[in-house]
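Subject: Structure handover and notes

Dear colleague,

Here is the structure for your files. My notes follow below it.

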Amino acid sequence: LDSVGTQRPYFCVLDNAGSLILDTILNGASGKFTNIHELNNTLHLTTFFTFGASFYDFSDLQVDTNFVIQTGVSVGEEVLQKSKLINDSTIMYLSVEPPGFASVFTAFVYKHNLVDSSVYGFFPFYSINPLEIYDIISTSNGVYHVFTNSPDSLIPDQVTVHYLNDSLYSYRSVQLTTSYNQFGSSSMVFGPVSAEMVNGSIALNAVVDHPTYQNQVNPFDMAIIRYDTNYNELSLSITGKTDTNYTTSVNSLSVSTNQLFSGGNTTTTNPIFDELVLNQHDATGSIIKSIYYSDGTKLKLKKLLKLPGNELLIIGNTGDQFFAIKVDSLSNKLITNLTESFATSSVEMDIFPNPTSDWLTIELKGSAILEGFLLYDLNGRLLMSERNSSVNLSQLENGIYFIKVITDEGNSIKKVVVSK
């Protein structure tokens, strides 16, 4: 939010240690960035702007690695749902136009050729009921599968896949089911979903219905389902529980060297916080290893990004703060970003001396009351939790740490340097 409370597009650049290099706000329009695609040292930023209550626009901004805008292409004028780099030369965009004169929700699919900057779009399906588009894959040359909800069915949250040809015309639709049901009948597949092609099969990270006596309170599980291109089920792997409200669970999927990584949120026994779960799968979808991450708050997964060197970046938010967790291909946590640039609390404070060799003091300004603090290392490990305003850090090794200060008016994260 800017100084007058308007939402502005914001982006930032972090170094390999998670520290902020630069950040900037794009003025002139309200809206947000929704995705970044990297290709040949050029960054393609998908931007979504709103102009008033019913005017929308999304574009592709091409910037160099210093975030200097080189050129841009206007793509569509609907509410953007997703953009995805399909191959080395094509970005696909999925958007929905809210009801207007036609009183229907209309889905649009756009194909952006990065070689000649051409954009082609079409509206392959529509509904009088709310329409959501989740993901898109290319199963073969000129054939696309688009995953949506089922707005006109009795259960609108069930996932439907639409077959599109190279001209983006829809010629077939299938409601997805899975064999995951102890009573022998088919179980439904719910969105939101993420989809990828892995060794000629379709891997879907989704929510599945599991109505058994063991799971009456929350009858929904997260799963990796593998289908052939006709959506015959090849395998299914349950990856964890969903949030209590499964429709808000955000799942993410990434493919690296024939290994599949999935992520999502799990409900814990503690109602105060949720855990993030990251699963490493083989090409069949079977889980090789799982890790869980929680810092005692309600963490929400937003995106799972593949990085060079078989590393993954987990991006999410906790309350009004963003975080990034970097892991390697063995699911070992490498670093957690807790830089003060992401602290959105307006509480003013001094932390001194900084750097320090022993004692560190927190001094709040204004009317805020200190409730305690948490101290983390660069790997995101919680080292100590205190309620005092001063703490002795002499037992710590030299290096950079992050302190999360908790007050009755909000939380703030500061960087602390120990130097002896």
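How many aromatic pairs does a search of the whole structure find? The search gives ten, where rings of Phe, Tyr and Trp (its six-membered ring) pair if their centres lie within 6.5 Å, with planes under 30 degrees apart counted as stacked, over 60 as edge-to-face and the rest as tilted.

Before the details, the basis. This is a predicted model, in which local features need pLDDT of at least 70 and side-chain atom pairs count only at pLDDT 80 or more, while totals for chains, interfaces and linings use all residues. Residues are numbered from 1 along each chain as its sequence is written, and side-chain values use heavy atoms, with hydrogens and water left out.

Confidence

The mean pLDDT (the predictor's confidence in each residue, from 0 to 100) of the protein is 75, and 67% of its residues reach 70 or more. Confidence is highest in E13, at a mean of 95, and lowest in strand E27 (residues 333-337), at 53. Strands (E, at least two residues) are DSSP runs, numbered from the N terminus. Residues 244-251 have pLDDT below 50, and this stretch has 26 contacts in the model beyond near neighbours in sequence; contact means heavy atoms within 4.5 Å. Residues 338-345 are also below 50, with 25 contacts counted in that way. Where pLDDT is low, the predicted coordinates should not be read in detail.

Aromatic pairs

A pair of aromatic rings is described by the distance of the centres and the angle of the planes. For Phe 58 and Tyr 110 the centres are 5.8 Å apart and the planes at 80°, so this pair is edge-to-face. Phe 58 belongs to strand E5 (residues 56-63) and Tyr 110 to strand E9 (residues 105-113), so the pair ties together parts that are 52 residues apart in sequence. Phe 58 is buried at 0% relative accessible area, and Tyr 110 is buried at 9%; buried means under 20% relative accessible area, exposed over 50%, and partly exposed in between (1.4 Å probe, protein chains only).

The rings of Phe 108 and Phe 123 have centres 5.6 Å apart and planes at 55°, so they form a tilted pair. Phe 108 is in strand E9 and Phe 123 in strand E10, 15 residues apart. Phe 108 is buried at 13%, whereas Phe 123 is partly exposed at 44%. One aromatic cluster is formed by Phe 58, Tyr 93, Phe 108, Tyr 110, Phe 122, Phe 123 and Tyr 169.

The sheet E7 to E10

Four strands make an open antiparallel sheet in the order E7-E8-E9-E10; two strands pair if DSSP finds at least two bridges between them. E7 (79-87) and E10 are the edge strands, each with a single partner, so one side of each has no neighbour in the sheet. On average, neighbouring strands of this sheet are turned by 20° against each other, direction ignored. Axes are lines fitted to C-alpha atoms, for helices over the stretch in contact, and angles run from 0 to 180 degrees between N-to-C directions. Seven bridges pair E7 with strand E8 (residues 90-97), and Val 79 has Val 96 as its bridge partner in E8.

All six residues of strand E12 (residues 143-148) are buried. Val 143, His 145 and Phe 147 point one way from E12, and Tyr 144, Val 146 and Thr 148 point the other way. Strand E11 (residues 133-140) is joined to E12 by six antiparallel bridges, and Ser 140 has Val 143 as its bridge partner in E12. The hairpin of E11 and E12 has two residues between the strands, and Gly 142 there takes a positive phi near 85°. Strand E13 (residues 160-164) runs antiparallel to E12, with five bridges between them; Val 146 has His 162 as its bridge partner in E13.

Two buried polar residues

Ser 127 is in strand E10 (residues 119-127) and is buried at 2% relative accessibility. Its side chain makes a polar contact with the side chain of Asp 152 at 2.6 Å and reaches the backbone nitrogen of Asn 129 at 3.0 Å. A polar contact is a pair of N or O atoms within 3.5 Å; within protein, one must be able to donate a hydrogen and the other to accept it, and residues adjacent in sequence count only if both atoms are side-chain atoms.

Asp 60 lies in strand E5 and is buried at 0%. The side chain of Asp 60 makes a polar contact with the side chain of His 44 at 3.1 Å.

Regards
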